[in-house]
Number of protein chains: 2
Amino acid sequence: MSGTELCLGDLGERGIQEKVLRPRYGSTEGFGDDSAFLAKVDRPSELVATTDSCPTPVVDLLREPDLYHAGWLLATINLSDLAAAGAEPLGLVVNYTLPKTTTVVAFERLLDGVDDCCRAHGTKVAGGDLRDGSPQLTATAIGRCAPGSRLRRSGAKAGDHLMLVGSPGYLWAAALLETGRATLPKPARDEIWDRARRPMAQLKAGRTLAEAGHVRTAMDVSDGLFATVRTLCEANGLGAVVTGEFALDEPVAAVAAQCGVRAFDLAETWGDWGLVVVAEDAGQVRKTLAEEDIPVQEIGSFTADTAITKGTAPWQGIAQERFSTSSWHGGELSTLVTEVLGV
Amino acid sequence: MSGTELCLGDLGERGIQEKVLRPRYGSTEGFGDDSAFLAKVDRPSELVATTDSCPTPVVDLLREPDLYHAGWLLATINLSDLAAAGAEPLGLVVNYTLPKTTTVVAFERLLDGVDDCCRAHGTKVAGGDLRDGSPQLTATAIGRCAPGSRLRRSGAKAGDHLMLVGSPGYLWAAALLETGRATLPKPARDEIWDRARRPMAQLKAGRTLAEAGHVRTAMDVSDGLFATVRTLCEANGLGAVVTGEFALDEPVAAVAAQCGVRAFDLAETWGDWGLVVVAEDAGQVRKTLAEEDIPVQEIGSFTADTAITKGTAPWQGIAQERFSTSSWHGGELSTLVTEVLGV
């Protein structure tokens with residue numbers, strides 16, 4: 001057997017622990033103990049936690065599947081929920097179920113993806129569990145909020161401004177490029193691919209706005225902007241008017257223009273882990289985030305009735321739903337692009 | 001369609017949220033938010049977390065499978081890891097993957113099992129995630145330790161006493177009864193079944209001993225007593241001598257006697273979530289736990305060499321190992337009993 005074909009089943013649990021996990025995580029306090037050590041906390045805190053499993057990354061449909069992407073995504077989706085609470089991450093615990101036939105090389109790619117993503121967000125894997133079976137990647141992120149600063153989905157009022165933090169459209173711009181619907185020079189193409197495969201959670205924005213008391217409520221964009229706004233409307237008994245206008249980043253805007261996709265339609269997609277925040281004073285949010293070089297745009301405002309409109313017409317947007325036929329994780333790429341963007 | 005046959009796929013994600021989860025968890029602070037609320041912490045704390053997926057409960061092999069058992073077990077195995085750290089639980093976050101064809105009734109049984117188990121341990125489900133797919137039940141338990149009291153696997157010294165907290169043997173006594181290898185009057189049989197299907201984590205013992213500073217290290221018995229002792233020996237660079245003697249609870253002892261199984265062999269099995277603690281002063285541990293009515297017995301002591309012996313012979317005990325052929329989760333019951341207990 002060549003070195004690259006060594007599988008988890010060849011090592012066994014104790015072999016995996018000693019040959020793969022200890023070299024990587026052995027210096028982490030609590031390594032090998034029944035419970036992982038997260039953090040010492042000596043300030044009054046509100047503790048939060050979130051757990052999410054990783055779907056098949058859309059970028060795996062674009063190019064060769066790589067567990068690095070799944071690992072990165074697993075960390076991002078969990079950290080993004082902490083961002084929505086305005087929390088500081090204390091650590092991630094991971095739970096991997098993988099077939100015995102998983103190669104050690106592929107497993108290391110997974111761990112690299114999770115570890116790199118955690119590092120990029122200033123946190124780490126504190127511990128985890130591994131067992132053999134049908135592949136499933138799950139993680140839990142734990143965070144702390146300063147007392148009274150924790151953001152929830154409720155708390156919005158009619159007239160409040162709906163603002164989208166982050167730069168949407170990179171994932172689906174990559175899909176438009178990879179399916180040949182648009183072309184760009186290599187540097188721009190590489191930039192889009194890199195952003196698509198390594199989306200960042202808006203942790204800094206969430207925490208900064210929460211601790212400054214500038215926003216009333218927040219929710220991340222996991223299933224499309226429409227689903228997010230609809231959920232916020234329901235949670236607050238309000239309606240919303242969105243403008244339907246959005247200024248995309250330059251390379252993403254170029255892709256949209258080539259494909260005849262409206263900028264807002266690309267901004268509506270999911271996969272970039274934007275954060276929707278709700279503020280009484282939009283200027284304050286803009287100013288605070290500008291100081292941190294974090295992009296934010298107003299997309300609309302809440303209304304006292306419960307209708308959700310884009311301009312003057314009802315907004316019929318993208319809304320993935322689990323346990324239903326409108327769940328789009330996986331599937332053939334070109335069909336998916338047509339379903340999501342109509343091109 | 002009759003009401004009892006309603007499936008998760010019939011409700012969809014939003015229907016499940018409104019019709020099943022909100023009635024049960026809607027009053028939990030943070031319900032519906034991106035991140036679950038765990039707790040306010042205002043004392044200096046060391047925070048710990050642990051995550052485990054639920055294997056097929058052995059009790060499902062004994063009688064009709066019931067997601068209640070899986071739910072109870074899921075909570076217990078995670079809380080048991082907090083017990084080993086000497087931690088107070090702050091809450092559980094759950095992550096369920098279930099097929100669309102799961103009936104709502106079966107899903108409610110799962111939630112009942114988790115909720116009942118959490119309640120029995122003085123904690124609760126703080127939040128979670130649900131998606132459709134091949135069944136997998138995962139949870140993460142988060143806890144706090146008083147500063148400096150957190151127990152680890154390392155810290156033991158030669159001469160320290162190895163003590164087993166809890167009453168082992170109930171799960172496998174139930175297996176011996178159900179496969180007709182032993183018979184008992186109904187009350188005793190019912191007691192064994194009830195203990196086997198609702199094992200309790202030793203949270204109170206772990207925390208009490210940790211905060212009193214009476215033990216140096218701890219680890220729960222997840223894969224058999226031998227595997228636990230071996231891991232503790234490895235973590236501390238020590239060996240151990242176990243006595244091979246153990247006084248089982250009365251109904252379990254009766255089953256062992258009928259089957260010609262030595263008491264210690266039944267005590268060696270897994271599934272009762274005992275806690276192995278290591279103490280310099282065994283009397284102190286005995287006295288402290290006696291005050292709380294928690295059973296504990298000394299099973300041996302650590303030695304300066306690295307041999308693991310039972311009496312005077314090498315101890316060849318039960319040790320499940322994942323990613324290997326000695327993983328016994330699932331399988332035919334009577335064969336399993338023979339493999340585990342030799343009868």
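How many salt bridges are there between chain A and chain B? The count is twelve. The legends below describe views of a predicted model.

**View 1**
Two copies of a chain are related by a rotation about an axis and a shift along it.

**View 2. The area buried between the chains.**
The size of an interface is often given as the accessible area lost when the parts come together. Chain A and chain B bury about 5,600 Å² between them. Carbon and sulfur atoms account for 45% of that area. Which three residues supply more than any other three of the area that chain A buries against chain B? They are Asp34(A), Arg322(A) and Phe323(A), which supply 17% of it. In terms of contacts, 66 residues of chain A meet 67 residues of chain B.

**View 3. Polar and charged links across the interface.**
Asp34(A) forms a salt bridge with Arg153(B). Their closest N and O atoms are 2.5 Å apart. Between chain A and chain B, 35 residue pairs are in polar contact, both residues at pLDDT 80 or more. The side of chain A that touches chain B has 25 nonpolar, 18 polar and 23 charged residues.

**View 4. Strand pairing between the chains.**
Strand β2 of chain A (residues 45-53) gives the largest share of the side that touches chain B, nine residues. β2(A) also pairs with strand β1 of chain B (residues 36-41). The pairing is antiparallel and runs over five bridges. In this pair, Ala49(A) stands opposite Ala36(B).

**View 5. A seven-stranded sheet in chain A.**
Strands of a sheet pair through backbone hydrogen bonds, either parallel or antiparallel. This open sheet of chain A has mixed pairing, and its order is β7-β9-β6-β10-β8-β11-β12. At the edges stand β7 (217-220) and β12 (313-314). Each has a single partner strand, so one side of each is left without a neighbour in the sheet. Strand β6 (residues 161-165) and strand β10 (residues 296-303) of chain A pair in the antiparallel sense over five bridges. There, His161(A) stands opposite Ser301(A) in β10(A).

How values were computed:
Residues numbered from 1 in each chain as written. Chains lettered and ligands numbered in written order. Predicted model: local features only at pLDDT ≥ 70, side-chain atom pairs only at ≥ 80, totals over all residues. Heavy atoms only, no water. Contact = heavy atoms within 4.5 Å. Buried area = accessible area lost by both parts, 1.4 Å probe. Salt bridge = Lys/Arg side-chain N within 4 Å of Asp/Glu carboxyl O. Polar contact = N/O pair within 3.5 Å; in protein donor to acceptor, adjacent residues only side chain to side chain. Helix = DSSP H or I, 4+ residues; strand = E, 2+ residues; numbered from the N terminus. Nonpolar A, V, L, I, M, F, W, Y, C, P; charged D, E, K, R; others polar. Pairing = 2+ DSSP bridges.
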